[in-house]
Amino acid sequence: MIYFVDDVGPSPLAQNVAFRDLPLRDVLFVSEKMVIGVGFDCNPMVFAADESGIWRFIKFLGERKTPSSGSKYGSQFSGAFGKFYGQSKYGVSNDGVETSRTSGGVHENCINCIVPIREGSTSRTTRFSTSGLDGKVVIWDVQNQEDLLDYL
């Protein structure tokens with residue numbers, strides 16, 4: 001659960017957004033209407049407020065789009081089978097092989113830090129970096145996400 005408190009006016013307005021995913025470790029306010037949260041889910045989570053000020057979960061930033069060929073069960077099965085086949089044939093783990101991952105994100109472990117990247121004298125944040133326990137530092141650009149431009 002994430003809490004938002006609007007402390008403008010005589011009485012503060014508190015909202016909470018419940019989500020079924022793993023807990024967050026760090027957040028970044030990209031704008032007055034958008035927050036990026038990172039944590040144990042390995043994908044940055046986008047929360048945004050609508051015109052009336054109600055906050056909600058929008059999407060994961062790091063989700064890969066995979067074409068849906070057949071059922072979800074079939075793609076999970078073939079991905080698991082491919083991973084098992086690689087381990088049994090070569091005696092090593094092939095987690096680093098990109099084609100064996102069916103639904104992961106950029107990070108492969110907990111994201112523990114999110115930092116804004118500001119260029120020049122602008123105070124507007126459109127790029128940020130995340131670092132995780134997998135040793136990766138990833139730079140994200142919110143302007144590349146067309147469905148999020150309304151919240152900037």
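User: In the hairpin of β8 and β9, which residue takes a positive phi near 90 degrees?

Analyst: The hairpin is made of strands β8 and β9, with 4 residues between them; strands are DSSP runs of E, at least two residues long, and helices runs of H or I, at least four, numbered from the N terminus. This is a predicted model, in which local features need pLDDT of at least 70 and side-chain atom pairs pLDDT 80 or more, while totals for chains, interfaces and linings use all residues. Residues are numbered from 1 along each chain as its sequence is written, and side-chain values use heavy atoms, without hydrogens and water. In the hairpin, the residue with a positive phi near 90 degrees is Gly135.

User: How many bridges join β8 to β9?

Analyst: Strand β9 covers residues 137-141 and runs antiparallel to β8. Two strands count as a pair if DSSP finds at least two bridges between them. One of the positions along this pairing is Ser129, which stands opposite Ile139 in β9. The number of bridges joining β8 to β9 is 5.

User: Over how many bridges do β7 and β8 pair?

Analyst: Strand β7 spans residues 111-117, and strand β8 spans residues 127-132.

User: What is the bridge partner of Ser131 in β9?

Analyst: Ser131 can be followed in two directions. Towards β9, the bridge partner of Ser131 is Val137.

User: Which strands are the edge strands of the open sheet?

Analyst: The open sheet has 3 strands with antiparallel pairing, in the order β7-β8-β9. An edge strand pairs on one side only, and this holds for each of β7 and β9. The edge strands are therefore, by the bridge criterion for pairing, β7 and β9.

User: Why is Asn112 called partly exposed?

Analyst: Asn112 is found in strand β7. Buried stands for under 20% relative accessible area and exposed for over 50%, with partly exposed in between (1.4 Å probe, protein chains only). Asn112 falls in the middle class because its relative accessible area is 28%.

User: Which residues does Asn112 touch, not counting residues up to four places away in sequence?

Analyst: A contact requires heavy atoms within 4.5 Å. The C-alpha atoms of Asn112 and Val27 are separated by 9.9 Å, although these residues lie 85 residues apart along the chain. With residues up to four places away left out, Asn112 touches Arg25, Asp26, Ser131, Gly132 and Leu133.

User: In the hairpin of β1 and β2, which residue in the turn has a positive phi of about 100 degrees?

Analyst: β1 and β2 pair in the antiparallel sense over 5 bridges. Within that pairing, the bridge partner of Phe4 is Gln15 in β2. The hairpin has 6 residues between its strands, and the turn residue with a positive phi of about 100 degrees is Gly9.

User: In what order do the elements of the protein run from the N terminus on?

Analyst: The secondary structure comes to 1 helix and 9 strands. From the N terminus on, the order is β-β-β-β-β-β-α-β-β-β.

User: What percentage of the residues of the protein count as buried?

Analyst: Among contacts with a separation of 6 or more, 40% come from residues 24 or more positions apart. Of the 152 residues of the protein, the share that counts as buried is 32%.
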